[in-house]
Amino acid sequence: MAKEPAPGPLGEVQAFINTRDVEEGSDVLATADSATTWLRARGVVLEGVISEAERERVVDLREALRDLLEAHHGVAADPGTGQRLDGLLADVQLHPHLSSEGATLVAGGRGVDTYLARLAIGIVEATVAGTWQRLKVCRVSTCRWAFYDHTKNARGAWCSMRVCGTRAKARAYRARQAAARVQLETSGRRG
Ligand SMILES: [Zn+2]
């Protein structure tokens, strides 16, 4: 099922990327207030509303990740994207935690830094698990929704044929309804 979210910590990365709906033009992280609310809902401890600089850093990371995921369709990633990501994650702290079970990474730092560290750990774990390559963004340029490719051969290109199709139909329906409303209003005014 193409609509199922990515497994494990990769689901968090997917949810993060999808805070912006390219198609709808909406963005949960559009303001410092809304971004703070969202981060708190993900369990991030914040003393107050995040700064605009912090919000921009979070949004830059999200869009750099979205660009990076284009490479999972087999096209070469823009080298600039890797540099952007390196810069954004330069101060992120990851601590190894060793036990008899093995080693895990723990997110260090505070506030926004902790969240970025958690995302980085999720990607490290997904890379080890071999699932990272399956996190993709929809190839429809007006969609670019992050989805987990559940297809057998991992060649999926769209968030879901059905979802993208349904959304396109809904959009066309809304446009028709709006057009009909305008016509009604116009004729109502005449009568
Ligand atoms: Zn799509």
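Where does Arg144 sit in the fold? Its place is in the loop between S5 and S6. The model is a predicted one.

**Overall layout**

The protein holds six helices and six strands. Along the sequence, these follow the order α-β-β-α-α-α-β-β-α-β-β-α. The C-alpha trace spans about 80 × 45 × 30 Å along its principal axes. Of the 191 residues, 23% count as buried. Take the contacts between residues at least 6 apart in sequence: 51% of them join residues at least 24 apart.

**The nonpolar core**

The largest nonpolar core has 31 residues. Within this core, Val13, Leu116, Leu135 and Ala146 have the most contacts. Six elements are listed as giving two or more residues to the core: H1, helix H2 (32–41), H3, helix H5 (111–129), strand S5 (135–137) and strand S6 (146–148). The largest share comes from H5, with seven residues.

Neighbours within four places in sequence are left aside here. Ala146 is then in contact with Gln14, Ile17, Asn18, Leu69, Leu135 and Val137. Leu135, one of these partners, is also among the core residues with the most contacts.

**H1 against H3**

Two packed helices are described by the angle between their axes and the distance between the axes. Helix H1 covers residues 10–17, and helix H3 covers residues 52–69. Their axes come within 9 Å and cross at roughly 110°. Angles of 65 to 115 degrees count as roughly perpendicular, so H1 is roughly perpendicular to H3.

Which residues of H1 and H3 make the contact? H1 supplies Val13, Phe16 and Ile17. H3 supplies Arg62, Leu65 and Arg66. By class, the H1–H3 contact has four nonpolar, no polar and two charged residues. Val13 of H1, part of this contact, is also listed among the core residues with the most contacts. Ile17 of H1, likewise in the contact, touches Ala146 as well.

**Tyr115 in H5**

Tyr115 is found in helix H5. Is Tyr115 buried or exposed? Tyr115 has 26 C-beta neighbours inside 10 Å, so it counts as buried. Val44 lies 71 residues away along the chain, yet the C-alpha atoms of Tyr115 and Val44 are separated by 6.5 Å. Leaving aside neighbours within four places in sequence, Tyr115 is in contact with Leu39, Arg42 and Val44.

Strand S3 (residues 94–99) and strand S4 (residues 102–107) run antiparallel. Six bridges join them. The hairpin between S3 and S4 passes through two residues. Ser99 stands opposite Gly102 in S4, and Pro96 stands opposite Leu105 in S4.

How many of the six residues of S3 are buried? The number is zero, so S3 lies largely in the open. S4 also has six residues, and the number buried is zero, so S4 lies largely in the open.

**Loops and positive phi**

Back to Arg144. Its phi is near 55°, a positive value in a residue other than glycine. Ala154 has a phi near 55° too, again positive and again in a residue other than glycine. Ala154 is found in the loop between S6 and helix H6 (161–190). Arg144 is buried, because 22 other C-beta atoms lie within 10 Å. Ala154 counts as exposed, because it has 11 C-beta neighbours inside 10 Å.

**Asp86 in H4**

Asp86 has its place in helix H4 (residues 79–88). With 10 other C-beta atoms within 10 Å, Asp86 is exposed. Asp86 and Phe16 are 70 residues apart in sequence. C-alpha to C-alpha, they are 18 Å apart in space.

**Burial at a glance**

| Residue | C-beta atoms within 10 Å | Class |
|---|---|---|
| Arg144 | 22 C-beta atoms | buried |
| Asp86 | 10 C-beta atoms | exposed |

Methods
Residues numbered from 1 in each chain as written. Predicted model: local features only at pLDDT ≥ 70, side-chain atom pairs only at ≥ 80, totals over all residues. Buried ≥ 20, exposed ≤ 12 C-beta atoms within 10 Å, placed from the backbone. Helix = DSSP H or I, 4+ residues; strand = E, 2+ residues; numbered from the N terminus. Pairing = 2+ DSSP bridges. Axes fitted to C-alpha atoms, helices over the stretch in contact; angles between N-to-C directions. Parallel < 35°, antiparallel > 145°, perpendicular 65-115°, else oblique. Contact = placed C-beta atoms within 7 Å. Nonpolar A, V, L, I, M, F, W, Y, C, P; charged D, E, K, R; others polar. Core = buried A, V, L, I, M, F, W, Y, C linked by C-beta atoms within 7 Å.
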